[in-house]
Amino acid sequence: MRLLFVPAHLQRVRFLIWLKRVHAWTGFWGAALFLLLGFSGFLLNHRTVMKIDTGEPVELSQAALPLGTAKIQDEKALGQWVKRELSLAADPRAVTEPPSGRSSGRFLGKDRPLVPIWRVMFHLPNGRLTAEYPVGGTAVTVKRDAIGLLDVVKNLHKGTGLGVAWVLLIDSIAGALGAMAITGFLLWSRLHGPRLLAGGLATGALAWSVAAAWPHF
């Protein structure tokens, strides 16, 4: 049986063996992470519609970091200072809303004005870190929250708080998936079974995805 969509001059046993090896070895390279990304993608897909509850963050620790001679000019400077002090890989995000039940500033007394509090948050693979700085103060309060295992799995999918090494690893997994898709498509014509059924499955999946997504565009 000839390979469809493959030029005649490549219709050789050696080329077929090469296709099978590429398909097999790329699959072996990413096998464990394919399972991780598939499961985490399932959780992310159910974060709003048919929501799967993965639990709330739990406060793990809280500490005050003295500023020393450092000067904090704004929330961006606060985030960069905390990132350097704690050697964090993640970038900070400004928190515009105060925590539930708390004011956006600190009242110092009857005749003293409300002191604004700047807040930044770092999303880490295994939790989150929030830093608060009352403007003009001498210390930054840092609180760390831990998250559950399912949320950790979702963060691995998104690359939250992870460095360049993880990003490059996921890039290689994406490349492996692409190679498997292409080689699998080329090898499809060599499989046993009706081609009409295989074409119907592929067309049906594509039609379903378009029909499900179309009303939301």
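Modeller: Strand β1 (residues 58-66) is joined to β6 by eight bridges, and the two run antiparallel. Two strands are said to pair if DSSP finds at least two bridges between them. Within this pairing, A64 stands opposite T141 of β6. The model is a predicted one, in which local features need pLDDT of at least 70 and side-chain atom pairs count only at pLDDT 80 or more, while totals for chains, interfaces and linings use all residues. Residues are numbered from 1 along each chain as its sequence is written, and side-chain values use heavy atoms, with hydrogens and water left out. Helices (H or I, at least four residues) and strands (E, at least two) are DSSP runs, numbered from the N terminus.

Strand β6 (residues 139-146) is also joined to β5, by six bridges, and this pair runs antiparallel as well. Here T130 lies opposite K143, and R128 has D145 as its bridge partner. Four residues separate the strands in the hairpin of β5 and β6, where G136 takes a positive phi near 90°. G137 is in the loop between β5 and β6. With 25% relative accessibility, G137 counts as partly exposed; buried means under 20% relative accessible area, exposed over 50%, and partly exposed in between (1.4 Å probe, protein chains only).

Strand β5 (residues 127-134) has seven of its eight residues buried, so the rest of the structure largely encloses it. R119, in strand β4 (residues 112-124), is buried too, at 3% relative accessibility. The side chain of R119 makes a polar contact of 2.9 Å with the side chain of E132. A polar contact is a pair of N or O atoms within 3.5 Å; within protein, one must be able to donate a hydrogen and the other to accept it, and residues adjacent in sequence count only if both atoms are side-chain atoms.

What lies around the strands? The protein has five helices and six strands in total, in the order α-β-α-β-β-β-β-β-α-α-α from the N terminus on. N155 belongs to helix α3 and counts as buried, at 10% relative accessibility. Its side chain reaches the backbone oxygen of P125 at 3.3 Å. Leaving out residues up to four places away in sequence, N155 touches L124, P125, I147 and T160; contact means heavy atoms within 4.5 Å.

Helix α3 also packs against α1, at an angle of about 110° and with the axes 9 Å apart. That makes the two helices, α1 and α3, roughly perpendicular. Axes are lines fitted to C-alpha atoms, for helices over the stretch in contact, and angles run from 0 to 180 degrees between N-to-C directions. Angles under 35 degrees count as roughly parallel, over 145 as roughly antiparallel, 65 to 115 as roughly perpendicular and the rest as oblique. Among the residues that meet here are L36, L37 and F39 in α1, and L150, V153 and L156 in α3.

Both α1 (13-45) and α3 (149-158) are among the elements that cover the buried residues of α4. Those buried residues are W166, I173, A176, T183, L186 and L187. Helix α4 (residues 164-187) has 24 residues, which at 1.5 Å a residue should span 34 Å, and the end C-alpha atoms are 34 Å apart, in agreement. The expected span is 1.5 Å times one less than the number of residues in the helix.

Helix α2 (residues 75-86) gives a similar check: its twelve residues should span 16 Å, and a separation of 17 Å between the end C-alpha atoms agrees with that. At the start of α2, a side-chain oxygen of D74 comes to within 3.3 Å of the backbone nitrogen of K76. L78, G79, W81, V82 and K83 are the buried residues of α2. Just after this helix, S87 takes a positive phi of about 55°.

For the protein as a whole, 28% of the 217 residues are buried. Of the contacts with a separation of 6 or more, 62% are between residues 24 or more positions apart.
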